[in-house]
Amino acid sequence: MTTTTTTAPAKGARLALLIGGLAAVGFGIAVLAWPTKAAVALTGVIALYAIIAGIVYAALGIFSKGLGAGGRIGHVLLGVLYVVAGVYAFSSLQQSAAFLALFLTIMVGVMWVIEGFTALFTLGQSGSKVLTIVFAILSVIAGFTLLSSPLWGAMFLWWFLAIALIVLGGLNVIRAIAGKKA
């Protein structure tokens with residue numbers, strides 16, 4: 001008769017899956033229930049990060065002994081830009097959230113178009129030409145769809161993110177609970 005026990009690392013991994021999964025489900029539900037408030041909250045987190053990163057970059061530029069003049073000036077300028085961007089975002093969180101959503105949607109649209117054309121350019125090296133062509137066409141269409149209506153695209157991507165967080169987070173919770181019991 002053999003008994004298996006769960007090791008400390010395995011328990012830690014299960015706990016991480018459980019906590020991460022619950023956090024993802026919670027954020028996904030918040031995005032679906034309060035999409036604008038969730039976007040504003042996320043923008044606030046990004047703005048706070050920008051301010052902290054700016055302070056760190058400025059401090060590196062001022063106090064680092066190993067940097068030359070160009071590195072010091074660059075770090076200080078970068079720090080100031082980060083702080084200014086963070087403060088501006090905090091001063092108008094709603095507008096910053098809307099800008100961030102549109103900017104990211106446009107970037108995703110552009111990346112999907114480029115990814116589709118890149119797939120076509122590498123068709124000769126592809127193992128499956130038909131799948132590559134289908135992927136390329138769908139990628140280009142999806143990209144142009146986002147670019148043709150960035151506001152609709154931003155809403156779609158936000159809902160998709162929320163649903164993905166709920167589904168994937170829920171799966172991680174199930175994985176954590178269904179893992180080997182001690």
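Trainee: Is Tyr57 buried, exposed or partly exposed?
Mentor: Tyr57 has a relative accessible area of 28%, so Tyr57 counts as partly exposed; bear in mind as we go that this is a predicted model.

Trainee: And what about Tyr82, what's its relative accessible area?
Mentor: For Tyr82 the relative accessible area is 26%, and this residue, too, is described as partly exposed.

Trainee: How many aromatic pairs does the structure hold?
Mentor: There are five aromatic pairs in the structure. In one of them, the rings of Tyr57 and Tyr82 have centres 5.6 Å apart and planes at 20 degrees, and the pair is stacked because planes under 30 degrees apart count as stacked.

Trainee: Where do Tyr57 and Tyr82 lie?
Mentor: Tyr57 belongs to helix α2 (residues 35-63) and Tyr82 to helix α3 (residues 69-91), so their pairing ties together parts that are 25 residues apart in sequence.

Trainee: What about the rings of Phe99 and Phe103, how far apart are their centres?
Mentor: The centres of the Phe99 and Phe103 rings are 5.9 Å apart and the planes are at 20 degrees, so this pair is stacked as well. Phe99 and Phe103 are both in helix α4 (residues 93-121), where being four residues apart separates them by about one helical turn.

Trainee: Which accessibility class does each one fall in, Phe99 and Phe103?
Mentor: Phe99 counts as exposed, at 58% relative accessibility, whereas Phe103, at 42%, counts as partly exposed.

Trainee: Which residues form an aromatic cluster?
Mentor: One aromatic cluster is formed by Trp152, Phe156 and Phe160.

Trainee: Switching topic, is Thr43 buried or exposed?
Mentor: Thr43, which has its place in helix α2, is buried, with a relative accessible area of 5%.

Trainee: What is Thr43 in contact with, leaving aside its neighbours within four places in sequence?
Mentor: With those neighbours set aside, Thr43 is in contact with Leu93, Ser96, Ala97 and Leu100.

Trainee: Now pockets: what volume does the largest pocket have, and which residues lie nearest its centre?
Mentor: The largest pocket has a volume of about 580 Å³, and among the 22 residues that line this pocket, Ala39, Ala97, Ala101, Ala154 and Trp158 lie nearest its centre. Helices α2, α4 and α6 are the elements that give two or more residues to this lining, and α4 supplies the largest share, nine residues.

Trainee: What's the lining of the largest pocket like by class?
Mentor: By class, the lining of the largest pocket has 18 nonpolar and four polar residues, and no charged ones.

Trainee: And the second largest pocket, what's its volume?
Mentor: The second largest pocket has a volume of about 300 Å³. Its lining consists of 14 residues, with Ile46, Ala85, Ala89, Ser96 and Leu100 nearest the centre, and the elements that give two or more residues to this lining are α2, α3 and α4.

Trainee: How does the lining of the second largest pocket divide by class?
Mentor: The lining of the second largest pocket has 11 nonpolar residues and three polar residues, again with no charged ones.

Definitions and conventions. Residues are numbered from 1 along each chain as its sequence is written. This is a predicted model: local features need pLDDT of at least 70, side-chain atom pairs count only at pLDDT 80 or more; totals for chains, interfaces and linings use all residues. Side-chain values use heavy atoms; hydrogens and water are left out. Rings of Phe, Tyr and Trp (its six-membered ring) pair if their centres lie within 6.5 Å; planes under 30 degrees apart count as stacked, over 60 as edge-to-face and the rest as tilted. Buried means under 20% relative accessible area, exposed over 50%, partly exposed in between (1.4 Å probe, protein chains only). Contact means heavy atoms within 4.5 Å. On a 1 Å grid over the protein atoms alone, a cavity is a set of points where a 1.4 Å probe fits but cannot get out, and a pocket is an open set with protein on both sides within 12 Å along at least five of seven lines; lining residues have an atom within 4 Å of a point. Grid points are joined across faces, edges and corners, and a volume is the space filled by probe spheres set on the points. Ala, Val, Leu, Ile, Met, Phe, Trp, Tyr, Cys and Pro count as nonpolar, Asp, Glu, Lys and Arg as charged, and the others, Gly among them, as polar.
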